[in-house]
Amino acid sequence: MAVIDCDVLVIGAGAAGLFAAFSAGQRGRRVQVIDHANKVGKKILMSGGGRCNFTNTGTSPANYLSANPHFCKSALARYTPSDFIALVNKHKIAFHEKELGQLFCDSSSKAIVRLLMDECAAAGVQVRTDTTVEAIETIADGWQLRTSGGVFTARSLVVATGGLSVPTMGATGFGYQVARQFGHAVLPTRAGLVPLTLSGKPLQQFDGLSGVALEVQASCGKASFRNQMLITHRGVSGPAILQISNYWQPGQPLHLDLLPGIDALAWLEHNRRERGASELRTVLAEVLPKRLAQRLCELWLGDKPMRQFDPRQLATAARLLNDFPLTASGTEGYRTAEVTLGGVDTNKISSTTMESRLQPGLFFIGEVLDVTGWLGGYNFQWAWASAHAAAQAV
Ligand SMILES: Cc1cc2nc3c(=O)[nH]c(=O)nc-3n(C[C@H](O)[C@H](O)[C@H](O)COP(=O)(O)OP(=O)(O)OC[C@H]3O[C@@H](n4cnc5c(N)ncnc54)[C@H](O)[C@@H]3O)c2cc1C
């Protein structure tokens with residue numbers, strides 16, 4: 001079988017891989033992209049509920065988790081959300097801001113995959129799907145890869161295989177394997193931006209509340225997010241929970257402010273004064289979903305008219321409303337997680353070029369690295385920015 005020679009070989013035709021491929025192609029490099037899946041950009045297609053939250057206008061290094069919080073700074077500063085928005089505008093893709101700087105396509109995520117593929121075509125990039133890498137080795141002037149689609153040689157090798165989340169979409173730990181092969185440490189991985197599960201008593205206490213949604217302030221350690229929470233059959237989900245899941249470690253307590261922005265004690269005292277004959281559950285149902293208000297009163301707060309609460313009981317109820325302790329038993333895992341925390345240790349990777357400091361010509365970009373963004377378009381912005389950084393150096 002003939003050897004296919006190129007300048008840059010990218011493994012992974014996802015967000016980071018396709019971006020790096022066309023950017024390198026625009027710099028005159030001969031680029032090949034290979035992916036084992038039958039289709040490119042599967043995660044892009046399923047992202048943002050099918051509308052791809054492709055960036056966040058408020059992106060800053062503070063929106064990322066990594067063992068080295070400084071690592072992402074250089075790449076993010078050199079390829080900004082405005083740069084990607086300019087590309088989206090160039091392709092005449094209509095978009096809107098949903099909330100908190102999150103930009104979504106008006107129509108479909110397909111538009112972002114088309115953008116990437118059109119740029120790849122214009123830059124002369126070859127993209128091959130259904131191609132499995134069998135072996136990687138270094139040769140005198142670069143790399144040789146044995147794949148199910150033949151032998152490839154290249155000067156630079158870019159690993160853009162993503163994380164472990166949603167294995168049914170083609171996710172594998174292959175990038176970690178390559179990293180280890182060339183001496184890199186891989187930091188422990190775990191599911192991120194993922195629903196939390198409850199078991200035993202906490203699950204029973206929420207029984208029958210599945211589908212209830214409310215705004216909460218979810219906190220864990222120093223991290224805190226105010227957004228919607230959804231009670232599910234297995235536990236809790238919704239943006240506030242997905243965000244806090246990145247910071248939660250098994251065994252750690254979670255705290256939910258069920259009345260964010262409201263001083264529950266002052267509010268309860270006011271209602272006792274003004275509406276002493278009303279049941280707490282009735283008053284509470286004006287600020288919380290009715291089913292939840294009822295359950296809180298039955299199990300924790302007390303089920304009686306407001307005037308029958310003494311100051312101590314009122315203080316206890318207020319504490320529970322503003323600081324409800326929740327014990328999660330685990331997460332739903334990689335099956336439903338949007339991202340993977342941990343990954344290739346950035347310690348031996350250049351933050352300006354994403355090149356390995358151990359193996360010249362080897363690059364890691366996107367989610368395979370130990371850089372994980374919050375929910376809200378930050379993960380794609382990292383994919384674009386890290387890909388852009390590598391593409392200037394390959
Ligand atoms: C349901 C869901 C919704 C999401 N929504 C958003 C959102 O709206 N906004 C946001 O910013 N982020 C979102 N994310 C996260 C985002 O999709 C990822 O962070 C991003 O796709 C990472 O880009 P990547 O190129 O590093 O990896 P990926 O996009 O995952 O691409 C990796 C590619 O490598 C290929 N690959 C894997 N193993 C091999 C192998 N052994 N050989 C060859 N190829 C291989 C895969 O098939 C895939 O094509 C979402 C994720 C999920 C799961």
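Reader: At what angle do helix α1 and helix α13 pack?

Author: The model is a predicted one. Two packed helices are described by the angle between their axes and by the distance between those axes. Helix α1 covers residues 15-26 and helix α13 covers residues 378-391. Their axes lie 8 Å apart, and the angle of packing is about 35°.

Reader: How do the residues of the contact of α1 with α13 divide into nonpolar, polar and charged?

Author: On the side of α1, the contact includes Ala-15, Ala-16 and Phe-19. On the side of α13, Phe-380, Ala-383 and Trp-384 are among the residues that make the contact. The division is 11 nonpolar, three polar and no charged.

Reader: Which helix gives the most residues to the shell around the ligand?

Author: The ligand has 36 residues around it, and those that come nearest are Gly-12, Gly-14, Gly-162, Gly-170 and Gly-366. At least two residues of this shell come from each of α1, α2 and α13. With four residues, the most is given by α13.

Reader: Why do the buried residues of α6 line one face of the helix?

Author: In α6, residues 174-181, the buried residues are Gly-175, Tyr-176, Val-178 and Ala-179. In an α-helix there are 3.6 residues a turn, so residues three or four places apart point the same way. The buried residues of α6 line one face because, seen down the helix axis, they fall within an arc of 160°.

How values were computed. Residues numbered from 1 in each chain as written. Predicted model: local features only at pLDDT ≥ 70, side-chain atom pairs only at ≥ 80, totals over all residues. Axes fitted to C-alpha atoms, helices over the stretch in contact; angles between N-to-C directions. Contact = placed C-beta atoms within 7 Å. Nonpolar A, V, L, I, M, F, W, Y, C, P; charged D, E, K, R; others polar. Near = placed C-beta within 6 Å. Buried ≥ 20, exposed ≤ 12 C-beta atoms within 10 Å, placed from the backbone. Arc of directions from axis to C-beta.
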